Amino acid sequence: MGIRFRKTITIAPGIRINLSKSGVSATVGPKGATLGIGRGGVHANVGIPGSGIFYRKKLPIPWPGGTKKSGPAAGSPQADEGRNAAEEMNSTVQEIIDIHLRTLPPSAAPAYTPREYGEPVPGLPPAPFPLWLRGAVLAAALVLLYFTWGLSFIPWALWEGYIYYVRKKGHSLLLAEWEERKKAFEQEEARRAVRFEEALQLSGEKPEAALEAVISSIEWPRETHVSYQVDGTIAFLDVDLPEIEDMPQVVYGFSKRSGLTESPKSETQIRKDFARHVHGVAFLLLGEVFRTIPSITEIVLSGYTQKIQPSTGREEDQYLYSLRVHRDQWKDINFSALSDIDPVEAIGGFEIRRNMTKTGIFKTVEPFSL
């Protein structure tokens, strides 16, 4: 809630996976050979990082929301690809829920992690004339072939050559704009890295600048607002949490008949996933701040969401939790066994204001004051 603090920053979503009210989409796989999965279908993306060579192809795997066709035969490469895609998608969605697993121990030296430029190299733009018109010209050339001894193919070749020239020229313009954006992105990344290192070196003198550098370097699965303030050795943070409607609400699978499928989660499971994720957000923030700013000995962190009030029709902030954590308490966490930690239980072990049922239903609380 920005009015409680001097500064608020906005963190852009990460590249690999995004949450939005229209659904969830992801890019899975190693750099240079990824599988893009979303409402638009399943696409294979193949490229050589840093070379500018990029190829994108839609895979013939049925996807919910598109035209239903009979699925690939069991045991075929397409079927194996479909099963792997479903497993990768579920695994990536679970990474969203278990965001606390990205937390590093206090002993880990802070370092800036550069972001990747996520925009693919532009391909050739579509032909400036519709396919039926080009087909008609070709048909006319074939009809006149007998009467012109093949000369009718000369204007057809010129026609196709002109179309290719226009597309190639358009591609050159798109590529030049893409390279300019990529260069600007890389220059900004270099500046961010320098600012990050400078801010950490001056964390004792300017802890708020260091705090901003730390928070800005975290990748979230959605655009996130974090408000912050430092008073002496205490850091105060408010984080804008996702809405429960933004959480992934389906489990991905594969069937021989329909290909890739979506099975809805139960409301209870969605609430539990939401509770695990929003507590994981607090867990990750605590870890990043404590490990990179030694002068901070205590963190007061509150998480809120926005709800429309039926009495006024206005959007208001509602706090789901507010906690106070000391550095000595944080050091008791076993960071070598994060997979065994339940972030809901871990956060509940600190001084906390929270009103939540066992099934993940939250009621509004009053946050700790500054």
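On a 1 Å grid over the protein atoms alone, a cavity is a set of points where a 1.4 Å probe fits but cannot get out, and lining residues have an atom within 4 Å of a point. The model examined here is predicted; local features need pLDDT of at least 70, side-chain atom pairs count only at pLDDT 80 or more, and totals for chains, interfaces and linings use all residues. Residues are numbered from 1 along each chain as its sequence is written, and side-chain values use heavy atoms, with hydrogens and water left out.

A search of the whole structure returned one cavity of 30 Å³ or more. The volume of the largest cavity is about 50 Å³, where a volume is the space filled by probe spheres set on the points, and grid points are joined across faces, edges and corners. Its lining consists of W220, P221, R222, T224, V239, D240, L241, P242, H277 and V281. At least two lining residues come from each of β8 (234–240) and α6 (267–292). Helices (H or I, at least four residues) and strands (E, at least two) are DSSP runs, numbered from the N terminus. By class, the cavity lining holds six nonpolar, two polar and two charged residues. Here Ala, Val, Leu, Ile, Met, Phe, Trp, Tyr, Cys and Pro count as nonpolar, Asp, Glu, Lys and Arg as charged, and the others, Gly among them, as polar.

Pockets were treated separately. A pocket is an open set of points with protein on both sides within 12 Å along at least five of seven lines. The largest share, five residues, comes from α4. The pocket lining divides into six nonpolar, two polar and five charged residues.

R195 also takes part in a salt bridge, pairing with the side chain of E188 (2.9 Å, N to O). A salt bridge is a side-chain nitrogen of Lys or Arg within 4 Å of a carboxyl oxygen of Asp or Glu. R195 is partly exposed, with a relative accessible area of 42%. E188 is likewise partly exposed, at 27%. Buried means under 20% relative accessible area, exposed over 50%, and partly exposed in between (1.4 Å probe, protein chains only).

The structure holds 12 salt bridges. R324 forms one with E298 (2.9 Å, N to O). E298 lies in strand β11 (residues 298–308) and R324 in strand β12 (residues 315–326), so this pair ties together parts that are 26 residues apart in sequence. R324 also meets E351 (3.6 Å, N to O). E351 lies in strand β13 (residues 351–356), so its pairing with R324 of β12 ties together parts 27 residues apart in sequence. E298 is buried, at 10% relative accessible area. R324 is partly exposed, at 21%, and E351 is partly exposed, at 41%. Elsewhere, D98, R276 and D342 are linked in a network of salt bridges.

The largest nonpolar core has 58 residues, and L237 and L301 have the most contacts inside it. Helix α6 gives the most to this core, with 11 residues. A nonpolar core is a set of buried Ala, Val, Leu, Ile, Met, Phe, Trp, Tyr and Cys residues joined through side-chain atoms within 4.5 Å.
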